[in-house]
Amino acid sequence: MERKRVIVTEYIDPAGLEILARYFDLVYLPDSKKVKLENVIGEASGIGVRLAPITAELMAAAPHLKVVAKHGVGYDNIDVAAATSRRIVVVTTPKANAVSVAEHILSLMLCLANRICAANADLKAGRFKRREDYVGVELKGKTLGVVGLGRIGSETARKCKSGFGMNVVAYDPLLSAETFELTGYKRADTLGPLLEEADFVVLCVPLTSETTNMIGARELTWMKPSAFLVNTSRGGLIDEAALYTSLSEGRIAGAAMDAFVKEPPGSKNPLLTLDNFIATPHVAGATHEAMRRMATDLAEEIVRVLSGERPLYAVNPEVYE
């Protein structure tokens with residue numbers, strides 16, 4: 001019996017590849033620039049993807065396609081509506097990287113609070129300034145504002161409250177009042193009060209039509225001049241031009257981002273010229289542990305679907321109705 005074909009569009013940990021190769025004819029494209037996906041997708045029953053766009057046109061060119069598995073949580077690079085119309089299930093790996101992303105958020109918060117990046121850059125450039133030039137702030141007793149209490153937001157809030165003694169206020173309109181009460185965090189009914197109260201604002205929501213530019217010029221004026229903004233989700237959550245203006249004019253103390261609207265952002269992105277802005281290249285979930293979990297979870301979900309089972313983490317479960 002001919003084995004079904006599965007394509008993996010970019011690098012994943014070998015542990016996931018081993019699982020897929022055990023069951024399927026695996027086409028692995030760690031450097032997708034050398035092989036165009038549209039040239040090999042025709043016979044595919046499954047696709048494992050990180051950031052490559054999976055469009056309606058690509059799916060239409062794959063008549064046997066049954067599953068698109070996202071290596072990670074955000075799936076805005078996949079046309080879910082088109083997948084659903086073709087009864088293709090889209091799955092993610094939501095439990096795999098929550099700890100790693102939360103720890104990355106904490107790293108960015110600590111770097112902002114203690115001016116670590118500025119001190120490091122000055123010292124490497126031979127500038128040994130006065131200690132007074134690097135005076136920071138403690139996290140203890142400060143207020144964390146978490147936008148989105150999913151797995152990453154919840155893990156971040158727990159670490160900040162238990163580990164650093166921070167107060168937590170959260171905004172998540174998708175959580176019921178009863179569920180929210182169990183968290184023990186202060187609830188913000190709208191985004192405004194959270195932005196006004198928080199010393200650190202952390203965005204932990206997916207990019208959707210509702211969340212695009214959720215932090216714009218107006219929202220930035222609600223934040224304290226001493227507050228910091230951290231985003232490790234998707235670049236489109238923040239109006240980058242408005243953030244540049246706010247930071248360059250000292251309206252907020254600083255910001256850190258792991259994701260940009262355009263990736264890579266390029267050296268001409270004005271945010272990268274600011275001393276009170278730090279950035280990482282979309283690597284918040286890139287630890288050895290998380291990469292291995294994402295790869296194996298992705299592979300196991302593909303195996304479930306192509307074996308006739310229901311997946312654990314379907315984005316569009318309505319395809320089974």
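By a pocket I mean, on a 1 Å grid over the protein atoms alone, an open set of points where a 1.4 Å probe fits, with protein on both sides within 12 Å along at least five of seven lines, and its lining residues are those with an atom within 4 Å of a point. Grid points are joined across faces, edges and corners, and a volume is the space filled by probe spheres set on the points.

This is a predicted model, in which local features need pLDDT of at least 70 and side-chain atom pairs count only at pLDDT 80 or more, while totals for chains, interfaces and linings use all residues. Residues are numbered from 1 along each chain as its sequence is written, and side-chain values use heavy atoms, with hydrogens and water left out.

Let me begin with the largest pocket, which holds about 1400 Å³ of space. Its lining comprises 50 residues, and V73, G74, V205, P206 and S233 lie nearest its centre. Two or more lining residues come from each of α6 (151–164) and α11 (288–306), helices here being DSSP runs of H or I with at least four residues, and strands runs of E with at least two, numbered from the N terminus. The most is given by α6, with 3 residues.

Turning to the second largest pocket, its space is about 400 Å³, and of its 21 lining residues R115, A118, D275, N276 and F277 are the closest to its centre. At least two residues each are supplied by α4 (98–114), α5 (116–124) and β12 (277–279), with α5 giving the most, at 5 residues.
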